[in-house]
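Biologist: I'd like to learn how to read a model like this one. Can we go through it together, feature by feature?

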Amino acid sequence: MGWSTEQAGAGTQGGEAGTGTEAAGAGGETAGPGARVGEQPRPPVALSPSRASDFMQCPLLYRFRVIDRLPEKPSPAATRGTVVHAVLERLFDAPAAERTAVGARAMVPGEWEKLLAKRPELAELFADDAEGERLAQWLAEAEALVERWFSLEDPTRLEPAERELYVETELDSGLRLRGFIDRVDVAPTGEVRIVDYKTGKAPRPQFAEGALFQMKFYALVVWRLRGVVPRRLQLVYLGSGDVVTYDPGEADLRAVERKLLALWEAIRLATETGNWRPRPTKLCGWCDHQAHCPEFGGTPPVYPLRIRPPEGGGVPQGRMGEI
């Protein structure tokens with residue numbers, strides 16, 4: 001790892017707020033566009049923070065995304081988050097003195113074009129925008145989020161050790177954990193800070209656990225990989241201008257590991273039995289899969305994996321519509 005020129009754990013220029021979860025659809029990991037032609041469905045083999053959150057939110061949503069790999073419509077908010085993340089990652093390619101808000105804003109249209117070249121289906125977001133007014137507004141919103149970051153952190157004082165770092169480790173239990181960390185800072189003294197950008201607003205404190213769970217997940221992976229408990233976890237909410245920090249300890253991370261093991265056992269059982277129950281919440285209104293969900297009168301696809309009968313006999317539950 002490289003070294004950060006700013007002390008890990010040092011205060012930011014912006015104020016701190018209560019913890020919270022990322023606004024729905026803003027940034028972060030997104031579900032895949034669907035299974036590739038000829039690709040066979042297979043049981044899950046690893047766990048990421050986003051997919052763990054999916055299962056906790058709704059086991060059936062996890063099934064649709066991981067096993068069935070149903071396609072999902074691109075979201076303007078999530079796509080904007082991807083563009084903003086790309087700007088904040090690549091900004092550090094420039095020398096410190098050239099990392100300015102003006103320069104960062106100017107990067108937004110180019111990063112959008114790069115993303116569109118990789119994912120042409122995103123053009124449908126603005127298919128009915130013949131005059132380009134909605135696209136211009138959307139780009140302006142992305143530029144405003146990028147500019148707000150400069151009021152929260154000073155990139156001229158930062159030399160991240162890692163950006164968009166892919167991490168993966170296998171626990172003693174055999175559970176494989178993986179994910180992408182937005183930024184890792186390492187102080188000259190060796191202290192590690194994990195930073196995650198959120199393009200949504202910082203919600204109320206009672207909804208803190210989701211985002212902190214994600215950060216503790218990353219901290220656990222880094223600890224198992226490198227033998228160092230991160231000194232600080234930092235969430236930067238660009239939508240509201242809040243910076244949330246948490247300093248984990250080994251007890252925190254051991255508790256997360258126990259939770260993940262229990263979660264993985266529940267996923268394994270659902271995978272083997274085909275019993276993926278929906279869990280209705282207010283978030284259902286944003287779900288792309290209502291047409292397949294029994295809660296909305298839909299029928300899931302035929303379960304594509306081999307299932308085993310539940311213990312004690314009975315009829316295997318391969319389709320949620322039979323539950």
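Biologist: In which sense do β3 and β4 pair?

Modeller: Two strands count as paired if DSSP finds at least two bridges between them. Here β3 and β4 run in the parallel sense, over six bridges. One of these links Tyr197 with its bridge partner in β4, Val236. By the way, this is a predicted model, where local features need pLDDT of at least 70 and side-chain atom pairs count only at pLDDT 80 or more, while totals for chains, interfaces and linings use all residues. Residues are numbered from 1 along each chain as its sequence is written, and side-chain values use heavy atoms, with hydrogens and water left out.

Biologist: And in which sense do β4 and β5 pair?

Modeller: Strand β4, residues 232-237, pairs with β5 in the antiparallel sense, over five bridges. Val236 stands opposite Val243 in β5, and Leu235 has Val244 as its bridge partner there. β4 and β5 form a hairpin with four residues between them. Look at Gly241 in that turn: its phi is positive, about 75 degrees.

Biologist: Now let's zoom out. In what order do the five strands lie in the sheet?

Modeller: The order is β1-β2-β3-β4-β5, in an open sheet with mixed pairing. Its edge strands are β1 (162-170) and β5 (242-246), and each of them pairs on one side only. From one strand to the next, the twist averages 35 degrees. Helix α3, residues 76-90, packs on the sheet and touches β1, β2 (176-186) and β3 (192-198). The direction of α3 makes about 105 degrees with that of β1; such angles run from 0 to 180 degrees between N-to-C directions, with axes fitted as lines to C-alpha atoms, for helices over the stretch in contact.

Biologist: How many helices and strands does the protein chain have?

Modeller: Seven helices and five strands. Both are DSSP runs numbered from the N terminus: helices are H or I with at least four residues, strands are E with at least two. Along the sequence, the pattern reads α-α-α-α-α-β-β-β-α-β-β-α.

Biologist: How many residues of β4 are buried?

Modeller: Buried means under 20% relative accessible area, exposed means over 50%, and partly exposed is in between (1.4 Å probe, protein chains only). In β4, six of its six residues are buried. Arg232, Gln234 and Val236 point one way from the strand, while Leu233, Leu235 and Tyr237 point the other way. For the whole protein chain, 44% of the 323 residues are buried.

Biologist: What does Asp196 touch?

Modeller: Asp196 lies in strand β3 and counts as buried because its relative accessible area is 4%. Contact means heavy atoms within 4.5 Å. Leaving aside neighbours within four places in sequence, the contacts of Asp196 include Asp182, Tyr218 and Gln234. Its side chain also makes a polar contact with the side chain of Lys198, at 2.8 Å. A polar contact is a pair of N or O atoms within 3.5 Å; within protein, one must be able to donate a hydrogen and the other to accept it, and residues adjacent in sequence count only if both atoms are side-chain atoms.

Biologist: What about helix α1: which elements do its buried residues pack against?

Modeller: They pack against α2 (59-67), β2, α6 (209-226) and α7 (250-273). Helix α1 spans residues 49-57, and its buried residues include Pro49, Arg51 and Phe55.

Biologist: How many disulfides does the structure hold?

Modeller: A disulfide is a pair of cysteine sulfur atoms within 2.5 Å, and the structure holds zero. For Cys284, the nearest cysteine sulfur is that of Cys293, 6.3 Å away. For Cys293, the nearest is that of Cys58, also listed at 6.3 Å. Cys293 counts as buried because its relative accessibility is 10%.

Biologist: Last one: what pLDDT does the protein chain average?

Modeller: pLDDT is the predictor's confidence in each residue, from 0 to 100. The protein chain averages 86, and 83% of the residues score at least 70. Over residues 1-33, though, pLDDT stays under 50. Residues 314-323 are also below 50.
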